[in-house]
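Hi everyone, thanks for coming. I'd like to walk you through one model today, so let me put it up on the screen.

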Amino acid sequence: MENDLYEILGVAKDASQQDIKRAYRRLAKENHPDLHPDDTVKEETFKRVSAAYEVLSDDEKRATYDRFGSAGGNPFGGGGNPFGGGGGMGDLFDVLNSVFGGGFGGGGGGGRSRARRGQDFRMELEVSFTDAAFGAQHEVEIPHYDPCETCDATGAKPGTKPQTCTQCAGSGVVRQQQGFFAMQRACPRCGGEGMIITDKCGTCKGERFIRSDETLEIDIPAGIDTGQQLRWSGKGAPGEGGGPRGDLYVVIRLEDHSLFEREGRDVICVVPIGFTQAALGAKVEVPTLDGKVNMSIPEGTQTGKVFRLRGKGFPGLDGGGRGDQLVEVVVETPVRLSDRQRELLVEFAEISGDDVHPEKQSFFDRLKNLFD
Ligand SMILES: [Zn+2]
Ligand SMILES: [Zn+2]
């Protein structure tokens with residue numbers, strides 16, 4: 001299910017009001033329940049198209065949606081919210097309700113249900129290669145909302161009560177004729193809440209909840225990888241009207257590593273070796289997730305050769321065994337030779353019958369002289 005209003009209408013983010021209206025008319029006609037009485041898919045599409053149009057056809061709502069709508073973030077629209085990124089966690093109507101305060105997705109005509117689950121929070125957490133390989137504990141700060149005790153979470157000043165909205169009679173929705181369609185939309189007077197607070201509670205400023213920070217200990221399981229997410233049920237935004245809290249999703253991103261890359265359970269690493277080591281064979285030190293190990297290079301090793309260190313990769317999240325480390329060796333050609341080294345190499349070349357130019361300076365020496 002597409003949750004982006006622009007994509008629902010099939011228009012660009014900078015579409016003109018005329019384009020939006022044209023797209024809406026076409027889709028509404030194609031999907032109108034009166035024309036397709038038994039088609040529940042079309043009916044659902046029609047509701048989504050209508051909701052999208054209701055927001056995008058109103059410049060103010062459109063601006064609000066552009067700022068908060070796809071963010072899936074703080075339901076109270078406050079600043080400094082660390083939970084950005086990817087929408088699509090909740091249903092479209094949850095998103096719209098949290099941005100515009102209710103009234104979306106009603107359908108049917110019986111008004112909306114008051115109890116509503118709070119929105120999910122989503123945050124990204126960067127973990128190091130080592131933590132991802134062996135597991136770790138992290139602390140994250142998340143916002144916590146407690147019901148305001150001063151007003152008993154009504155948002156109204158003690159001694160006063162929220163008044164039932166006169167325009168929608170407390171249902172939060174109004175019916176409106178648009179062309180030949182009867183549309184339901186969020187009540188403009190109460191913003192879909194059904195109630196109007198005339199005297200706001202001084203403690204929570206009418207928000208009904210008091211925000212504080214909560215520190216959450218997160219266990220990073222060994223083997224976790226980029227894109228995988230951990231879920232804490234009930235650590236999201238508070239519900240409405242007695243509805244349960246949403247959930248918290250922590251999306252993992254592996255930090256870049258200066259030496260390693262990850263491919264599934266395997267670790268990939270490039271190790272430079274000298275040309276004499278490659279020719280004669282050697283023991284070289286190789287970094288792994290577990291620390292340095294010695295690896296044998298057989299004589300006659302070519303550049304680009306890949307060696308496998310078994311069991312030096314990442315474990316499986318399911319408790320499965322560890323992957324391998326793949327070590328690609330790159331043979332380095334020395335760039336600065338001492339006189340003695342040069343002499344030996346010339347002799348080596350002569351024995352090999354190679355045509356070399358020992359009298360010539362190296363490219364780097366010439367480059368140096370050029371600028372001295
Ligand atoms: Zn209060
Ligand atoms: Zn109202």
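Let me start with a term: pLDDT is the predictor's confidence in each residue, on a scale from 0 to 100. What we have here is a predicted model, so local features need pLDDT of at least 70 and side-chain atom pairs count only at pLDDT 80 or more, while totals for chains, interfaces and linings use all residues. For bookkeeping, residues are numbered from 1 along each chain as its sequence is written, and chains are lettered from A and ligands numbered from 1 in the order in which they are written.

How confident is the predictor? The mean pLDDT of the protein is 82, and 82% of its residues reach 70 or more. Please be careful with two stretches, though. Over residues 71–90 pLDDT stays under 50, and the model has 37 contacts there beyond four places in sequence; a contact means two C-beta atoms, placed from the backbone, within 7 Å. Residues 106–113 also stay under 50, with 12 such contacts.

Now the overall picture. There are 9 helices and 15 strands, taken as DSSP runs (H or I, at least four residues, for helices; E, at least two, for strands) and numbered from the N terminus. Of the contacts between residues at least 6 apart in sequence, 61% join residues at least 24 apart.

Let's look at one helix pair. Helix α2 (residues 17–31) packs against helix α3 (residues 40–56) at about 160°, with axes 9 Å apart; the axes are lines fitted to C-alpha atoms over the stretch in contact, and angles run from 0 to 180 degrees between N-to-C directions. That angle makes the two helices roughly antiparallel, a label for angles over 145 degrees. On the α2 side, the contact residues include I20, Y24 and L27, and on the α3 side they include F46, V49 and Y53.

Finally, some loop residues. G172 sits in the loop between β3 (163–164) and β4 (173–178). Is G172 buried or exposed? It counts as buried, because it has 25 C-beta neighbours inside 10 Å; the cut-offs are 20 or more other C-beta atoms within 10 Å for buried, 12 or fewer for exposed, and partly exposed in between. G172 also lies 7.2 Å from G191, C-alpha to C-alpha, although they are 19 residues apart in sequence.

In the β3 to β4 loop we also find A169, with a positive phi of about 55° although it is not a glycine. A169 is exposed, with 12 other C-beta atoms within 10 Å.

Notes. Angles under 35 degrees count as roughly parallel, over 145 as roughly antiparallel, 65 to 115 as roughly perpendicular and the rest as oblique.
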